[in-house]
Amino acid sequence: PNEMRGVFITNDGGKTWQKALYIDQNTGAIQVEFDPVNSKIIYADLWEHREGPWENASFSGKNSGLYKSVDSGKTWTKLTRGLPTGVQGLGRIGIGISPSTPSRIYATVDANDLSGIYRSDDAGENWKRVSTDGRIYGRGSDFAEVRVHPKNPDIVYAANVAAYRSDDGGYTWTSFKGAPGGDDYHRIWI
């Protein structure tokens, strides 16, 4: 736990930094993404979590959530409509914004019985769970990578113990790389 968790912003090329989004000493930013068309729009996943050497999530809390800023990080709004809450076990979220249609966002959501692949078609304002296939989002504290095809918002890729692809907006998935037994894909680059 420390006061240096959260999202920090620089306006001078990294010489100085200001804390822009902070919850508490146990909640850190695990992912920050910019809208590919409008850099003033920023999404940040905050995760209340500390990993012990036994990796059992005993240090997880209820302050995890997805946030959005439309003014370059000056103010933030927590995105909640359709997403699980901390009380429901929300943990790590991984997001992927469609480069061709930035209003389409996909998320891997780790949240006990409400885990899955979620999708927003209105820039994060509302979410719906489109897949409950545990192969895609499983082990959410380790794997939370989802990326969208640069030209087709219905083609989505997810990294896990195998790499997966959906051609129908996240509803169905097929493995295209790796073995379901434990390859380790943590990042996808297109």
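Reply:

Strand β12 (residues 156–159) pairs with strand β13 (residues 163–166) in the antiparallel sense over four bridges; strands here are DSSP runs (E, at least two residues), numbered from the N terminus, and two of them pair if DSSP finds at least two bridges between them. Within this pairing, Y157 has R165 of β13 as its bridge partner. Three residues lie between β12 and β13, and the two strands form a hairpin. β13 also pairs with strand β14 (residues 174–177), again in the antiparallel sense, over three bridges. There, Y164 has S175 of β14 as its bridge partner.

This is a predicted model, in which local features need pLDDT of at least 70 and side-chain atom pairs count only at pLDDT 80 or more, while totals for chains, interfaces and linings use all residues. Residues are numbered from 1 along each chain as its sequence is written, and side-chain values use heavy atoms, with hydrogens and water left out.

As for the whole, the protein chain has one helix (a DSSP run of H or I, at least four residues) and 14 strands. Its radius of gyration (over C-alpha atoms) is 16 Å, close to the 16 Å from the globule rule (2.2 Å times the number of residues to the power 0.38) for 190 residues, so the chain is as compact as a globular protein of that length. The C-alpha trace spans about 45 × 40 × 30 Å along its principal axes. Among contacts (heavy atoms within 4.5 Å) between residues at least 6 apart in sequence, 43% join residues at least 24 apart.
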